[in-house]
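User: I'd like to learn how to read a few features off a model. Could you walk me through one?

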Amino acid sequence: TERTLILLKPDAVRRSLRGEILRRIEAKGYSILALDQREATQELLAQHYAEHEGKPFYGPLVDFMSSGPVVAILAEGEGVIAGFRSLAGATNPTQAAPGSIRGDLAREWDTAVIQNLVHGSDSEESAAREIAIWFPEQG
Ligand code: ATP
């Protein structure tokens, strides 16, 4: 079965939405293999968001992701990569469908960076890369 890397971003922790989001992941039937709350270092975020380096929102994104603790989750299940992206909804919360995490729970953000509660790997390749970054011991 497939594995993916999910992050509960600092806005999810600040807004006490960890339980609500975890409930949705578990209710869908995905297994949580590992879960760890931590302060992401600049170094780790630079690796994680390497593809966005140089974009206008890169600095604000790294600042936002280091503005408080994040919860890193290693999840497993049939089709979990696409399945969690579907649970999360569109990147922009105003466009995210009702029923999705972002559609139901996220609404506004500051002008520099979209605060959208969660991250999920977008392909098998990025899942493998991101799991190695956040859970190196799980390789
Ligand atoms: P994630 O990778 O967090 O699951 P995503 O794949 O939907 O989200 P990406 O395009 O990989 O989105 O962007 C990573 C993150 O950067 C987004 O989740 C959002 O927080 C922020 N972001 C993306 N595009 C913009 C933008 N145009 N303006 C501001 N912030 C953005």
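User: Let's start with placement. Where is histidine 119?

Analyst: Keep in mind that this is a predicted model. Histidine 119 sits in strand β4, which covers residues 118–120. The UniProt record, an unreviewed entry, puts the feature "active site" at His119.

User: How do I read burial, and is histidine 119 buried or exposed?

Analyst: The general idea is to count C-beta atoms around a residue: 20 or more others within 10 Å makes it buried. Histidine 119 has 23 C-beta neighbours inside 10 Å, so it counts as buried.

User: Which residues does histidine 119 touch?

Analyst: For contacts, the idea is that two C-beta atoms lie within 7 Å. Setting aside residues up to four places away in sequence, histidine 119 touches Ile6, Leu7 and Lys9.

User: Let's follow isoleucine 6, then. Where is its place, and what is it in contact with?

Analyst: Isoleucine 6 belongs to strand β1, residues 2–8. It counts as buried because it has 26 C-beta neighbours inside 10 Å. Beyond its neighbours within four places in sequence, isoleucine 6 is in contact with Ile73, Ala75, Phe84, Val118, His119 and Gly120.

User: And the ligand: which residues are around it?

Analyst: Here the idea is a shell, with a C-beta atom within 6 Å of the molecule. Around the ligand you'll find Phe57, Leu61, Thr91, Val113, Ile114, Asn116, His119, Gly120 and Asp122. That shell splits into 4 nonpolar, 4 polar and 1 charged. So our histidine 119 turns up there too, as one of the residues around the ligand.

Key: Residues are numbered from 1 along each chain as its sequence is written. This is a predicted model: local features need pLDDT of at least 70, side-chain atom pairs count only at pLDDT 80 or more; totals for chains, interfaces and linings use all residues. Ala, Val, Leu, Ile, Met, Phe, Trp, Tyr, Cys and Pro count as nonpolar, Asp, Glu, Lys and Arg as charged, and the others, Gly among them, as polar. Helices (H or I, at least four residues) and strands (E, at least two) are DSSP runs, numbered from the N terminus. A residue is buried if 20 or more other C-beta atoms lie within 10 Å of its own, exposed if 12 or fewer, and partly exposed in between; C-beta atoms are placed from the backbone. UniProt positions are given in the numbering used here, feature names are shortened, and annotations may be inferred rather than shown by experiment.
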